[in-house]
Each structure stands twice: as structure tokens, then as C-alpha cells.
Amino acid sequence: PHIGHAHSSILADCLTRWKRVQGQKAILTSGTDEHGQKVFAAANRAGILAQDYCDTVSETFQEMQQQCGVKVDKFLRTTNTTHINAVQQFWMTLEERSFIYPSMYKGWYSIIDECFYSNHQTSKETGNIVEQLEEENYMFKLTKMENSVRGWLLSNEDVVQPRIYRDQVLKFIDSGLQDLSVSRRKETQTWGITVPSNPSHTVYVWLDALINYITAIGYPNKLSGGLDTHIIGKDILKFHAIYWPAFLMAADLEPPRQILVHGHWTNNGHKISKSIGNVVDPLDQVHDIGSEGLRYYLMKESRLGQDAVTDEKTIFCIDFSEARRDACLDELAFTFGNLLSRSTSKRLNASEFYPHYSTVNFDEAGFAFTQNINSLLETVASYYDRGEFGLGIDAIQQCLREGNRFFQASAPWHLVKQSDNIDAQAALGTCLFIIYELLRISAALLYPITPNLSEECCQKLRVPLHFGPNFLQTLQIGQYDGGHTLNPGHVHLVKSTSDRKTKEM
């Protein structure tokens with residue numbers, strides 16, 4: 001797995017956690033697509049059985065997700081018996097509903113992409129090598145579903161996000177769809193699921209792989225829920241936004257509520273790929289900066305609809321170098337971690353007390369800042385709901401930077417020395433309360449991205465993280481009273497670059 005795989009998994013995990021923060025029921029499913037010529041050829045090159053090869057690859061992907069803090073509720077493999085049964089039942093349903101028919105296919109096929117192409121599409125979409133095929137396959141009546149797919153795309157402008165990708169799909173449909181080959185002769189694709197009505201054919205790997213989404217929710221038995229959000233890279237948009245909804249509606253099943261599309265991590269304009277030799281290994285990054293560091297960096301820097309780029313000369317680039325990565329983590333260390341450490345130190349708060357909520361001692365600056373804090377939830381939620389965690393982090397960081405300026409301007413280190421001055425002590429309490437509230441609210445909003453960091457912060461402040469339908473309402477100043485002691489001891493949540501290098505030495 002490379003950094004792009006980690007990005008997709010972490011994005012899915014963050015979105016799942018965000019839904020749970022709001023009290024919604026959500027499960028995260030993932031898996032490995034293990035059939036096809038490409039997989040079979042790789043196993044042959046390795047000198048092992050295809051199933052053994054798939055076992056090894058699947059384990060590496062599960063290990064990557066675990067190391068990145070991604071909690072998958074259901075990890076499904078397309079070689080599992082449950083899934084094979086689901087695919088064969090789905091095939092029979094399509095046959096019974098007259099959406100599959102035998103025909104001679106003549107055209108282009110890319111083994112690397114596992115995709116049928118017209119010649120001009122190949123150079124346009126991937127540029128990968130294709131071979132011309134002429135063989136008897138089973139075809140899916142995609143043309144019959146053209147209006148249904150278009151209607152689904154037009155039913156909700158947010159059904160494919162960002163909307164630029166929905167426009168691309170509609171443009172592709174308007175150019176005219178053709179019926180799709182959904183099988184291969186077994187002599188050309190040995191490693192695949194057997195077509196139940198004709199054992200000399202295997203199921204097209206993309207039909208096989210896509211059905212994994214509904215295998216996860218119980219198909220072919222009663223579904224345990226609906227398909228909410230698919231998170232994909234832009235290179236597989238056509239399969240998810242045209243073929244998949246067409247297959248589902250042809251089988252009289254509901255298409256997904258939304259498809260969330262992200263760009264690629266690239267290096268000097270090239271998609272990250274083992275064949276190019278520019279892979280960034282996520283496990284190496286976890287070893288260097290920890291899972292929370294990697295999650296924060298990937299979510300902060302990427303934007304949906306925009307390729308994440310590792311060439312610093314590129315406009316809107318994301319430079320996956322130690323310098324750029326460390327700059328992001330240093331910002332988190334100094335704005336969040338350092339503010340928590342300074343404000344909870346016994347030098348400023350000897351009694352280690354979380355002051356009570358009171359607006360009596362709020363001055364003009366305090367009122368203005370608390371209004372900004374109270375607008376943070378709405379801003380961040382609007383971004384997170386769209387999967388734009390990077391924009392949400394930017395909003396949190398802007399508020400934390402303002403909090404650090406407020407802390408400096410309040411000069412609590414001077415106020416604490418005026419122990420006999422009632423006004424000074426009241427101002428100190430107000431300053432600490434506002435800062436603790438900022439940290440509490442920021443920690444809760446960062447939870448989908450950095451859950452361990454958020455939990456440690458809230459443990460230090462001794463504030464609850466009880467997620468549920470009403471939890472977000474508590475992320476406002478005035479909704480939490482305070483009035484309790486903090487957990488004792490020093491806390492150092494985020495390691496800066498200098499801290500990490502000192503430890504290495």
C-alpha cells in the first residue's frame with residue numbers, strides 16, 4: 001500500500017468518526033479486490049498460488065489500516081465464500097431481469113486497469129497499454145439504464161462530490177453509453193468467480209469487486225442498512241458513478257446516497273506508483289511521526305477535487321517532504337499542544353482548577369473571542385459534512401492562533417502574581433476558562449482526525465467526550481460550566497520537530 005491508499009482509508013475513518021460524534025449509526029467497510037488477470041500474473045511472477053498471494057496482500061492492507069488508526073468494522077475480501085455467493089446471486093438476478101445477454105465483444109482491454117476501452121479513451125484516461133480482444137462474452141444492458149443513471153445524478157447535486165466530478169460523469173453519459181462486457185472466457189481470465197449459468201466464463205472483476213459493498217450489508221439476504229457514502233480516488237469514478245448505480249438499479253436495489261471523490265498524491269506530476277518508483281510508504285511515515293501525525297498531515301493538506309502534489313514548484317502543491325510535513329505538525333504542537341501545556345501549568349494554575357463559567361469578568365476582547373469560538377462549530381461542521389477535513393482543520397487552527405494571541409495579551413503570568421488583587425484574580429480565571437473552553441471545543445472537533453490526541457487533552461481537562469445526538473450542542477461557550485479540578489501532571493500531546501529529533505539522538 002502507498003500513501004494514496006492510506007489517504008483513502010484515513011478519510012473514510014474520519015468521516016465515520018464524524019458521523020458517530022453526531023450520534024449517527026455508521027459502519028466503516030473496506031476490503032481487497034483479489035480477482036483478475038493482473039492479480040493472477042503477479043502471483044505467477046512471485047512463484048506462489050494466487051490465493052496465497054492474495055492472502056499476503058490482504059494482510060498488508062489490513063496492517064496498514066491498523067497502523068494508521070483506521071478502525072474498519074467489516075473488512076471483506078472478494079475471495080471469501082460469502083462474497084462469491086453474493087456475486088453469483090447478483091448475476092442470476094440480473095439474468096432473471098433480462099439485463100444480461102451473450103454477445104461477441106470486439107474492442108480494447110487494459111489488464112492493468114481491468115477495463116474495456118475504446119482506443120481514444122485509453123490514451124485519454126490512463127495511457128496504459130491495451131490489447132485488442134474479440135471473444136464471446138456476456139454483456140450488461142448499460143444503454144437500457146442510461147436514463148436511470150442520469151436521473152440519479154440529477155436528483156441531487158451533491159450525489160457526487162465535489163460537483164466537478166458529477167459534471168464529468170454527466171458529460172460522459174451524454175457522449176453515449178454502450179453495453180458493457182461483464183464476463184471473460186475462463187481461458188483468458190482463470191482467476192475469477194465462475195458465472196453460475198455458464199462455468200466456461202468468469203465474472204468481470206469490476207462487477208465482482210463492486211458487489212463487495214452490498215456483501216458488507218448482508219446481500220443476498222435482507223440488507224442491514226443502505227449504502228451511504230463511497231470514498232474513491234478519481235481514477236475509478238466511472239465504475240462507481242455509472243456502472244455501479246446501473247448494476248444496482250437493474251437489480252432493483254438503491255444506489256449509494258453519495259460518492260466522495262478525492263484527487264491523487266502525485267510526485268513531479270506523476271501519479272504515485274510502484275512502477276515509477278516514487279512510492280511514499282505510509283508505514284515508514286507512521287514510524288517517523290506516529291499514526292496521529294500522519295492522519296493530521298494527510299487530512300490537513302489534501303483538498304477534494306484537487307490533486308495532492310509532492311513537487312514544491314507546482315501551484316497549490318503539497319510537498320510530501322519532511323520540511324512540509326514537519327511544518328504542519330509543528331503548527332499543531334505550538335498552537336494546540338503548547339497552549340494546553342502553558343495554560344495548565346501549576347505556575348499559572350496552582351490549584352489546577354477549571355474555573356466556573358461566568359461572563360461577569362468578560363472584557364471586550366473576551367466577548368469578541370468567545371463569539372469567534374462559538375462560530376467554530378458551524379464552520380467546521382459545514383466542511384466535515386462534505387469530507388473537507390483540511391478546511392475544517394484550517395478553521396480550527398485559525399481559532400487556536402487567535403487563542404494564543406488572546407493568551408499572550410491577557411498575560412496570565414502577571415495576573416497570577418497579584419494574589420491580593422481581586423480584579424486580577426478574576427481576570428486570570430476568565431482567561432483560563434476561555435482558553436480551556438477553546439481547547440475543549442478544539443479537541444472535540446479534532447477527534448475524527450486525531451482521536452488519541454483529543455482524548456488525552458480532554459482527560460487532562462477532565463471534560464467528557466460523550467458522543468451522541470446532543471453532543472455538538474455542548475461545543476459552545478456557556479454550555480459547559482466548569483468548576484472542577486484538572487487531572488494532575490504535565491501533558492505533552494504533540495511532539496515538535498525538535499522534540500522528535502532530540503529523542504532520535
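Two strands are taken to pair if DSSP finds at least two bridges between them; helices (H or I, at least four residues) and strands (E, at least two) are DSSP runs, numbered from the N terminus.

1. The model is predicted: local features need pLDDT of at least 70, side-chain atom pairs count only at pLDDT 80 or more, and totals for chains, interfaces and linings use all residues. Residues are numbered from 1 along each chain as its sequence is written, and side-chain values use heavy atoms, with hydrogens and water left out.

2. Histidine 230 has isoleucine 259 in β11 as its bridge partner. Strands β10 (residues 229–233) and β11 (residues 258–262) run parallel and are joined by five bridges. Four of the five residues of β10 are buried (under 20% relative accessible area; exposed is over 50%, partly exposed in between; 1.4 Å probe, protein chains only).

3. Aspartate 13 and arginine 17 form a salt bridge (a side-chain nitrogen of Lys or Arg within 4 Å of a carboxyl oxygen of Asp or Glu), with closest N and O atoms 2.6 Å apart. Both residues lie in helix α1 (residues 3–21), four residues apart. Aspartate 13 is buried at 2% relative accessible area, and arginine 17 is buried at 9%.

4. Glutamate 331 forms a salt bridge with lysine 300, the closest N and O atoms being 3.7 Å apart. Because glutamate 331 lies in helix α12 (residues 322–343) and lysine 300 in helix α11 (residues 282–301), the pair ties together parts 31 residues apart in sequence. Glutamate 331 is partly exposed at 22%, whereas lysine 300 is buried at 9%.
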